[in-house]
Amino acid sequence: MANDPIHQFHIKTLVPIEVGGVDLSFTNASLFMVLTVLAASAFLIFSSSSRGLVPTRWQSLAELSYEFVAGLLRSSAGTEGMRFFPLVFSLFMFVLVANLFGMFPYFYTVTSQIIVTFALAMVVILTVTIYGFARHGLHFLHLFVPAGVPAALIPIVAPIEVISFLSRPISLSVRLFANMLAGHITLKVFAGFVVTLSAAGTVGIFGAVLPLGMTVALTALEFLVAFLQAYVFTVLTCMYLNDALHPSH
Amino acid sequence: MAGETTATAGHVQLMDIPATEHGAGFPPFDPTHFVSQLVWLAITFVILYWVMKNVALPRIAGILEDRRDRIAGDLAEADRLKRETDEAIAAYEQALAEARGRARSIAQDTRDKLKAETDAKRETAEAGIAAKLSDAEARIGQIKSSALAQVGEIASETSSALVEALIGVTPSKSEVDQAVKGAMN
């Protein structure tokens, strides 16, 4: 049972809450959402509290995150895109901190829940759609008719563009969810091999060295993936926001 | 309790996407806690968004802006100082060039003045020499003519003595003079 690689994704109710017959319990997932938000907020607020002209290490890190996300947004959506900066930055910090929290043993990985990543993706897509229509009206539909396409091809191209637009929230959420889920399962499986093999006597203990090395390597890889997926999520968010700002490609 | 029925193969669970009612399926696809997760995500994410938008990001933006302003100010100050230095150097070089020009003109003036003085002195000296020369020449001429006059007299006396010795007759002085003058011319 302890070796069940799926066990880590189980949601346990910590504080049962029920509102109007709907289960809104405070679960371990909720707990780690709260911790994620607390950690991200504490990091950015305390590190910048001295407002030093010459930054400390922590302040430097906070400035680095700020300029990193600001650079991403500005380069793909232009200066106009900076109006979405708080949203993009919050998404980046939430996903990044949640992913990194997942790397701690016994910590719950919030982003390994499809419903969570899907909700985050929907926040992006709804922002794009609502802002796009509010700002450009029906002109926003030009998004589905790329400039320079011959009129004869529009009946073929437009449905493709519509499908690609509709698949964005799915690809955005599944990419993050699947990466976190698969990574954690793989880690757990290899770590489980170490336990199983070492229980099988002397030969097993020596044999366990291999999966142990694999686990160490995978842990390093998972840290990379944790950052990379937050980065990818942010970059795609910036590109989708660019569509809302400049629909005619 | 989870996976008791499928304990033999955990990966089979991955394929069994639909969950049973009591949440024994693959947890990420188990809708039991979807509403709770969504609600808690909404609460936490809105708080994060609010904190980022109203506290953290303005503060960091302020820090970055202050630094940018400070650097731009310092650069402007450095630029101003450099311009001042350049101006001072230019002024110094101009003063130097002027002084050099003035020195040259003073030297030229002095040289001209000395030359003029020397020329004047030489001219007076030359004029004096020329006057002395003409004086001398005049005197030479005088001496020469008086000598020549004496030559005629000596010739007459000599001729008269010769004639007397030859023929024993003393010729008249006027005759001898005429004859000598004729011979000499």
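Trainee: How many helices and strands does chain A have?

Mentor: Welcome! This is a predicted model, in which local features need pLDDT of at least 70, side-chain atom pairs count only at pLDDT 80 or more, and totals for chains, interfaces and linings use all residues. Residues are numbered from 1 along each chain as its sequence is written, chains are lettered from A and ligands numbered from 1 in the order in which they are written, and side-chain values use heavy atoms, with hydrogens and water left out. Helices (H or I, at least four residues) and strands (E, at least two) are DSSP runs, numbered from the N terminus. From that end, the elements of chain A run β-β-β-β-α-α-α-α-α-α-α, giving seven helices and four strands.

Trainee: Thanks! And which pattern does chain B follow along the sequence?

Mentor: Chain B has three helices and zero strands. Read along the sequence, its pattern is α-α-α.

Trainee: What percentage of the residues of chain B are buried?

Mentor: Buried means under 20% relative accessible area, exposed over 50%, and partly exposed in between (1.4 Å probe, protein chains only). In chain A, 46% of the 249 residues count as buried. For the 185 residues of chain B, the value is 18%.

Trainee: Is A:Ser65 buried or exposed?

Mentor: A:Ser65 sits in helix α2 of chain A, residues 57-77. Contact here means heavy atoms within 4.5 Å. Leaving aside neighbours within four places in sequence, A:Ser65 is in contact with A:Phe43 and A:Phe89. Its relative accessible area is 12%, so A:Ser65 is buried.

Trainee: Then why does B:Ala127 count as partly exposed?

Mentor: B:Ala127 belongs to helix α2 of chain B. The class follows from the relative accessibility of B:Ala127, because that value is 46%.

Trainee: How far apart are the C-alpha atoms of B:Ala127 and B:Ile143?

Mentor: Along the chain, B:Ala127 and B:Ile143 are 16 residues apart.

Trainee: Let's turn to the interface. What is the area buried between chain B and chain A?

Mentor: The contact takes 39 residues from chain B and 51 residues from chain A. Buried area is the accessible area (1.4 Å probe) that two parts lose on being put together, summed over both. Carbon and sulfur atoms give 76% of it, and the total is about 4,100 Å².

Trainee: Which three residues supply more than any other three of the area that chain B buries against chain A?

Mentor: Together they supply 16% of the area that chain B buries there. They are B:Gln37, B:Trp40 and B:Arg59.

Trainee: Which residue forms a salt bridge with B:Arg67?

Mentor: A salt bridge is a side-chain nitrogen of Lys or Arg within 4 Å of a carboxyl oxygen of Asp or Glu. The count between chain B and chain A is one. The closest N and O atoms are 2.8 Å apart, and the partner of B:Arg67 is A:Glu63.

Trainee: Which element gives the largest share of the side of chain B that touches chain A?

Mentor: Both α1 (10-15) and α2 (34-167) of chain B supply at least two residues of that side. The largest share is 27 residues, and it comes from α2(B).
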